[in-house]
Amino acid sequence: MRIFSGIQPTGRKHLGNLLGAIDQYVAGQDRGEALYCIVDLHATTVPYDPVELRERTLDTAALLIAAGLDPERCIFFRQGDVREHTELCWLLCSVTAWGDLNRMHQFKEKAGSERDLVSAGLFLYPVLQAADVLAYRADEVPVGDDQRQHIELMRDIAERFNARFGETLVVPEHRIPAIGARIMDLQHPDRKMSTTGGSEQGTVYVLEEPAAILKKFRSAVTDSGSEVRRGEGKEGIGNLIEIYAAVTGDDHEAVETRFAEARYGDFKTAVAEAVTERLAPIRERYAELRPDEATLEAALKLGAERATEIAAPTLADVRAAMGVGPVGS
Ligand code: AQP
């Protein structure tokens with residue numbers, strides 16, 4: 001079983017990234033051959049600062065290791081270090097329909113009314129994402145629920161490629177967790193917690209201080225009722241139940257039963273405490289790891305070498321199947 005996933009080095013990683021994706025990456029190391037990639041090339045599809053991109057890449061590398069990724073037990077690398085990703089992206093464009101890309105929710109949300117002005121890279125984002133996974137012939141892709149549509153497109157691209165050029169690529173499955181797949185903004189429980197589209201007060205960062213975490217949970221938007229349970233009109237409380245379940249490993253029903261007599265204020269404090277307890281060791285480990293940039297760079301470089309060994313033969317097969325370059329190139 002080969003597992004692949006990528007994460008952007010944009011902004012500060014939040015609780016949604018941790019519970020929807022990073023926790024699954026850590027678990028994946030025990031389930032198969034796992035490859036995890038910091039997708040710096042994807043980060044160039046929106047306006048960005050080149051110096052910051054390098055900084056954020058190292059921030060993200062340190063955070064992932066602090067959260068439990070072990071570069072000895074997985075292949076951990078930076079996307080831009082493995083040229084096969086961009087070459088495969090271009091080759092896969094030949095079996096990707098413009099209309100499909102135009103239907104992607106993420107593109108529509110991020111482009112908004114600026115559709116004609118955003119970068120072509122933002123439009124092609126899902127093709128590069130498909131190349132990331134397909135280059136490794138990965139079987140499984142751990143992601144949060146917001147990536148469901150991109151994984152479906154990736155599967156279509158692989159199937160179309162195989163139908164057009166012969167069996168070459170593996171059609172991957174998504175792996176979306178039962179709990180934590182869609183953490184919502186604490187101030188806007190109808191919107192997902194997000195790096196670019198969320199509210200500052202409604203987004204809890206993995207490296208956030210306990211006092212700030214408590215403040216954010218205490219001011220989380222709920223409803224005029226008083227029962228700690230999920231249901232229609234109770235999206236805010238439902239989100240807090242989801243977060244509590246994800247950080248403690250309980251299921252939703254167990255959380256509802258435990259807090260059946262609790263008032264909203266007490267439950268909010270309990271969620272904040274559980275989150276703080278979960279994040280504290282990651283924050284401490286991050287503070288130790290982040291200053292040592294040489295070690296982080298060395299780990300990423302080694303990972304890129306190991307990744308290239310897997311991706312290069314796939315690219316050779318793809319080129320051969322497509323008739324690109326001389327025979328045996
Ligand atoms: N709210 C979320 N709940 C659960 N999972 C989530 N993910 C993102 N938001 C949530 C999952 O995190 C992984 C990494 O996502 P990314 O590489 O897109 O990183 P990001 O840009 O920091 O994530 P955002 O917040 O989703 O950014 P925006 O909203 O700006 O595009 C993915 O597996 C994703 O599913």
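How far is an oxygen atom of the ligand from an N or O atom in the side chain of D146?

Reply: The distance is 2.4 Å, from an oxygen atom of the ligand to a side-chain N or O atom of D146. That is within the limit for a polar contact (a pair of N or O atoms within 3.5 Å; within protein, one must be able to donate a hydrogen and the other to accept it, and residues adjacent in sequence count only if both atoms are side-chain atoms). The model is predicted: local features need pLDDT of at least 70, side-chain atom pairs count only at pLDDT 80 or more, and totals for chains, interfaces and linings use all residues. Residues are numbered from 1 along each chain as its sequence is written, and side-chain values use heavy atoms, with hydrogens and water left out.

A polar backbone atom of M193 lies 2.9 Å from a nitrogen atom of the ligand. For G16, a backbone N or O atom is 3.1 Å from a ligand nitrogen. On its own the ligand has 650 Å² of accessible area (Shrake-Rupley method, 1.4 Å probe). The protein covers 96% of it.

Now the shell. There are 23 residues around the ligand (a heavy atom within 4 Å). D146, K192, S194, T195 and T196 come nearest. By class, 12 are polar, six nonpolar and five charged. Helix α1, residues 15–28, gives the largest share, with four residues.

Next, the rings. The model has 10 aromatic pairs (ring centres of Phe, Tyr or the six-membered ring of Trp within 6.5 Å). F4 and Y136 form a stacked pair (planes under 30 degrees apart). Their centres are 5.3 Å apart, with 10 degrees between the planes. F4 belongs to strand β1 (residues 2–7) and Y136 to the loop between α7 (120–134) and β4 (140–142), so this pair ties together parts 132 residues apart in sequence. F4 is buried (under 20% relative accessible area), at 1%. Y136 is buried as well, at 0%.

Definitions and conventions. Helices (H or I, at least four residues) and strands (E, at least two) are DSSP runs, numbered from the N terminus. Ala, Val, Leu, Ile, Met, Phe, Trp, Tyr, Cys and Pro count as nonpolar, Asp, Glu, Lys and Arg as charged, and the others, Gly among them, as polar. Rings of Phe, Tyr and Trp (its six-membered ring) pair if their centres lie within 6.5 Å; planes under 30 degrees apart count as stacked, over 60 as edge-to-face and the rest as tilted. Buried means under 20% relative accessible area, exposed over 50%, partly exposed in between (1.4 Å probe, protein chains only).
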